[in-house]
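Here is a short briefing on one protein chain. Look at the sequence and the model, then work through the points below.

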Amino acid sequence: MSKLTTVSHKDDTRSWRERWYEIIFEADTPAGKLFDVLLLIAILLSVLVVMCESVEAIREEYPKLLVRAEWFFTLLFTCEYAMRIVCARRPMRYIFSFYGIVDLLAILPTYIIALPFFEGGRSAQRLAVIRAIRLLRAFRIFKLAHMLSEATALRQAIWSARAKIAVFLSSVLIAVVIVGSAMHLIEGGRENSKGQPIHGFDSIPESMYWAIVTMTTVGYGDVSPTTALGKALAACMMILGYCMIIVPTGIVSAELAHAGRKGLTTQVCPECMAEGHDSDATHCKYCGAKL
């Protein structure tokens with residue numbers, strides 16, 4: 001009798017974990033979707049609290065309210081984090097997964113500043129803004145399957161074009177070094193009409209900074225050439241920058257045209273905690289576990 005009771009108790013415990021696993025980790029059921037929507041609202045409110053805490057007028061007007069709100073959300077996310085560990089079939093897989101690390105980082109700042117020997121002050125508390133990264137769960141929560149498919153296709157396209165992108169970035173780096181060195185030789189040590197030295201091209205790293213700002217068409221204007229040769233080189237750099245902008249776009253677009261797209265599900269593998277499975281998949285494509 002005792003043995004039967006033990007077996008029955010184990011079955012109840014396993015079913016309890018499975019039910020909570022569906023609610024916490026999945027968005028395929030109404031309960032799971034409701035849980036994640038409420039979680040997103042809590043994340044948004046907690047980020048709003050951190051933002052309000054950074055405003056001096058609000059911080060001085062409602063100091064106790066902000067502290068209580070911060071601790072409320074921290075304890076709430078701590079309970080959620082603990083529940084995820086308890087419900088996960090392989091807790092260590094979740095803990096060291098991307099979302100597991102983000103969930104942990106979301107609650108650490110408040111506990112760190114509460115330590116008696118810590119003197120980080122508000123600067124450490126503002127690290128709680130990292131909770132905003134958890135909003136990435138919205139892609140899974142609201143079952144935006146078409147966005148998941150497009151995101152997967154884009155990721156695969158970028159990964160397939162990694163060699164071409166590496167060559168492109170290397171070419172850009174070489175161009176920045178060459179133009180920066182040339183601009184240092186042309187503009188370095190110059191003086192303006194008042195006889196004051198012109199800063200910005202005093203060294204090759206500073207000239208490279210100008211080259212990057214110019215090539216990316218940002219153009220802060222804090223550093224600019226004054227000689228005719230320097231302006232001519234700057235004009236060439238600007239034209240080169242416009243030409244460079246279309247290169248990565250063309251590379252990724254070409255890969256996207258060949259990328260296969262399949263519908264994705266929001267299911268999370270209970271073994272390896274991986275996401276992004278095909279809608280018709282019955283087993284995980286990463287570890288082979290049954291979904």
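**Briefing: cysteines, helices and a pocket**

The count of disulfides comes to zero, where a disulfide is a pair of cysteine sulfur atoms within 2.5 Å. In general, a disulfide is a covalent bond between the sulfur atoms of two cysteines. This is a predicted model: local features need pLDDT of at least 70, side-chain atom pairs count only at pLDDT 80 or more, and totals for chains, interfaces and linings use all residues. Residues are numbered from 1 along each chain as its sequence is written, and side-chain values use heavy atoms, with hydrogens and water left out.

**The chain**
- The chain has twelve helices and zero strands. Both are DSSP runs numbered from the N terminus: helices are H or I with at least four residues, strands are E with at least two.
- Of the 291 residues in the chain, 33% are buried. Buried means under 20% relative accessible area, exposed means over 50%, and partly exposed lies in between (1.4 Å probe, protein chains only).

- Cys 284 is buried, at 4% relative accessibility.
- Cys 287 is partly exposed, at 39%.
- Met 244 sits in helix H12 (residues 228-258). Met 244 counts as buried because its relative accessible area is 15%.
- Met 244 and Leu 169 are 75 residues apart along the chain, and their C-alpha atoms are separated by 9.9 Å.

**Helix H6**
- Helix H6 covers residues 98-113, which is 16 residues. Its first and last C-alpha atoms are 24 Å apart, close to the expected 22 Å. The expected span is 1.5 Å times one less than the number of residues.
- H6 bends by about 30° at Ile 107. The bend is the angle between axes fitted to the seven residues ending there and the seven starting there. Pro 109 follows within four residues.
- The buried residues of H6 include Tyr 99, Val 102, Ala 106 and Ile 107.

**The second largest pocket**
- What is a pocket? On a 1 Å grid over the protein atoms alone, it is an open set of points where a 1.4 Å probe fits, with protein on both sides within 12 Å along at least five of seven lines.
- The second largest pocket holds about 390 Å³ of space. A volume is the space filled by probe spheres set on the points, which are joined across faces, edges and corners.
- Its lining has 16 residues, and Glu 18 and Arg 89 are among those nearest its centre. Lining residues have an atom within 4 Å of a point.
- Helix H1 (residues 2-25) gives the most to this lining, with five residues.
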